Amino acid sequence: MDEDDEIIGEFLVECSEGLDRLDQNLVELEETPDDREILTEAFRTLHTVKGSCGFLGFGQMEVVAHRGENLLSLLRDAVLEMSDEIADALLATVDAIRQITSTIDETGAEGVHDHSALIAELERLASAEAPSEAPADPAEPATGADTPDEPTAVGDEPAADAEVEQPEAIAPEPAAERIGDILVDDGEARRDDVEIAATEQSLGDDRKIGEILVEEGRAEGAAVEKAATKQRASRSDSSIRVDVELLDRVMNLVGELVLARNQMLQLTEGAKEKPLISAAQHLSHITSELQEGVMKTRMQPIGNVWSKLPRVVRDLSRQFGKQIRLEMEGKETELDKGIIEAIKDPLTHIVRNTVDHGIEMPDERVANGKDPEGVLKLRANHEGGQVVIEISDDGKGINADIIREKAISKGLISAEAGAEMSDKNVVNFIFAPGFSTAQAVSNVSGRGVGMDVVRTNVERIGGTVDVRTEAGQGTTFKIKIPLTLAIIPALIVSADGDRYAVPQVSLQELVRIEDEDEDHSIEMVHGAPVYRLRGRLLPVVDLRTNLSLEAGEPQGVTNIVVLHSDERLFGLIVDSIEDTEEIVVKPLERQIKDIDLFAGATIMGDGKVALILDVHGLAVASNLTGPGSTASWGLEDELDEGADYDERALLIVELADGSMVGLPLDQVDRLESFSPDRIERSDGRPVVQYRGAIMSLIDVGPSMGLSHGVLDGPEEANVVVCNQNGTLAGLAVGHIRDIVLDPEMHEEDGLVRAVVDGRVIDIAEPPRIMSMAGIGSDELIGAY
Amino acid sequence: MSEKMDHYLQLCTFRVGELLLGIDVLNVQEVLREQSITRVPHAHPSISGLINLRGKITTAIDLGSRLDAQTTGSAAIHVVVRTGGSVASVIVDSIGEVIEVDPSTYEAPPETMTGPARELILGAYKLETELLLVPDVERVVAMPSAAVEVVA
């Protein structure tokens, strides 16, 4: 019984893979109806499915598959031509088989399904248009049940046999794994001989191609033997199926090995025994490689999820009468299996929404001077330890005014606040719960559930989703997700002597305030502490208060970790900020699982346990995320700036002569201003006392070839503080002008320039300026 | 439970304050001396925190606090117990020997017993010199909210 279950289980897995492939093939065939290769593949897939269900005694399924296969064979033999009708019928066949397999999966039996209408339709299509003299498909024994011509899912019949009973071997596009091809590729046989053999076969010779070749002296027996082995290997031996649970267990063990390794390294740090040190290093090396290898086994290309989308897009666009072309880029981008599963639904939802709302009807598009065919583009790529998935369309875009009205009418925001809010921020209301602007409810979207679920699901796995839209030009959804959930980068902070890990994905920036720095202190607004972060009010909470720990002694400095959750920024006061580390996330035991402030725990290098803070939980516990809390919406602009750090945002500064220079924002630590009397000279160089140390000032103007700088003037000097490998330097500039996100960059002869508001702006690299002034290391960070 | 009482049981004994308690050795995975504990803010007060048990993060529960019993304050022994597929550490004052108990000396706790111990003590073996209490390990490691559900 168990064995039967196992066979059926395998059959179901293969079926579902086959059906997915078939879906894809059929959608492709609509585009290129004459592609013999795809036709052959589709035929073979359905044939395999049919063979297996016959073998396992699933009669209903076999009948449906058989009729579908008949129709496909007529297409393949060019007796029929692909039409919408045929495509619909074939896709319906796939759906019917899928329905039966899911019943088998649940109950172990086929159940009762009525597919007579579909069968009749398939028969009608196959017969009505097929001339009576259509050649009977030789690969189609009437019984269907015992089809020995293809290796089935369960039979381990050598693939070479397939050649014998498959006279369609002379089809113009032979499959890659044909034995004849292998022989030809290996130089063991001539193409002509193979073709002659194939022809003989089709004329009734029931020997295998290999046998024919050997017996007629056209190839060596050993070579045929070798080719047959190769053929089998290419089909099954190059990969194996592994239970995901087993992989998870191995992954856990590797996580523990990493921790043990970290402890080992710490213990051997002060050791003197050379062999011990080298053994520890060797262990460390192997562990890293093992970790990488195991992580790779869980990686899957995102194409696995995308492969279902062509069918979705096709069906929907037919339903709405739209013309949509789906383009995919970066299919091979790999992600952890768990994450792939988690983004499947959000991704499908966005795509459905785009087809429904985003892309206009063909006549509307034409009226607006667009191609009647809309383009839906999926793009995935790796970006700094994360995967970015973009879903963009060239449709009508999201109308910010409609969203604004709706948000106000739903009470999500006050009318005044709504009027002030930028379009870009307004559009993000589509992610608010219960928000839908569809005029009519369709079965696709418009029921007010959806986009909020998309955001919840994406955030649950530590990702973010963002939307950008331009009226008349289209909309782009951008999903950023981590590569893996098991091992994440985190910032280690401490409060009251204990360490806590803050997931890096929630981290925005770090701020350090000196107590004597009166201009930059924490202020109270209606009893709530806030901090002015570049002119905006940032709500702050104290980690000690949040965790009900003892209030700390004043330390002279306040460390604020700026975090974002649900598009809101807040500051978290911690005692000290330690290091960034890759941590292995471990779940919490049931006794403490319900505490929302913690997302898990991890083991540090010294073997001690540290809790991982749940940033979302922290925000909720601090009342920072109430729905419609309009005060915090204003912070979004700030968040957007931050979110684009990695997109090479530029800080635009003005020099003494009025010219503009851009500094990459990610290399800027802080902005300060110093009055002339604070600026001293040491070794002929301007310096200031800053945070208990002496920081050199560099006048950017002269270092970029200007005749005069800003330091000698009587006014306060605006200084951009840059930190390079721990060395601080202040770049003195005239004025801080702006922050430009995602500027247009041009590179020529090694010189990088940006164009901002129609002006050409030179890019200054702080590391280079610093090293030219003899500060910091000579290593240039070649960011630009 | 009655079935269990029919044959001799081996109990791992330990003390919490004045009390002598025993857990079936089959439920005890190991006994550890002092461990570095990471406290968990907002957790139930009888949860001491988390320990690193060879790479597995395990919850440590202060049995004294759980039973509302006076402890010597030196609680430093971790009795690692397995229940229902999960592992937890129960902190006790000191560890005793493994003793074999006679089921005929077993009695249910007196009706008059009150406080948290009422729910957590299954019964007691009358040893010659004192009583050996048998805690319900499952309930000890489950936190009060969960324990209430079990009762209901």
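Q: What share of the residues in chain B is buried?
A: Of the 152 residues in chain B, 38% are buried, where buried means 20 or more other C-beta atoms within 10 Å of the residue's own, exposed means 12 or fewer, partly exposed is in between, and C-beta atoms are placed from the backbone. This is a predicted model, in which local features need pLDDT of at least 70 and side-chain atom pairs count only at pLDDT 80 or more, while totals for chains, interfaces and linings use all residues. Residues are numbered from 1 along each chain as its sequence is written, and chains are lettered from A and ligands numbered from 1 in the order in which they are written.

Q: How many helices and strands does chain B have?
A: Chain B has five helices and 11 strands. Both are DSSP runs numbered from the N terminus, helices being H or I with at least four residues and strands E with at least two.

Q: How many residues of chain A are in contact with chain B?
A: On the chain A side there are 21, in contact with 18 residues of chain B; contact means C-beta atoms, placed from the backbone, within 7 Å.

Q: Which elements of chain A give two or more residues to that side?
A: They are α11 (244–268), β17 (598–603) and β18 (609–613) of chain A.

Q: And by class? What does that side of chain A have?
A: There are 12 nonpolar, three polar and six charged residues on the side of chain A that touches chain B. Ala, Val, Leu, Ile, Met, Phe, Trp, Tyr, Cys and Pro count as nonpolar, Asp, Glu, Lys and Arg as charged, and the others, Gly among them, as polar.

Q: New topic: which residues are buried in helix α17 of chain A?
A: In α17 (residues 400–409) of chain A, the buried residues are A:Ile403, A:Arg404 and A:Ala407.

Q: Why do they line one face of the helix?
A: Down the axis of α17(A), the buried residues fall within an arc of 100°, so they line one face. The arc is that of the directions from the helix axis to the C-beta atoms.

Q: What do the buried residues of α17(A) pack against?
A: They pack against α18 (415–420) and α19 (423–427) of chain A.

Q: Which exposed residues does the face turned away carry?
A: The face of α17(A) turned away from its buried side carries A:Asp401, A:Ile402 and A:Ser409.

Q: What follows α17(A)?
A: A:Gly411 follows α17(A), and its phi is positive, near 75°.

How values were computed
Two residues are in contact if their C-beta atoms, placed from the backbone, lie within 7 Å.
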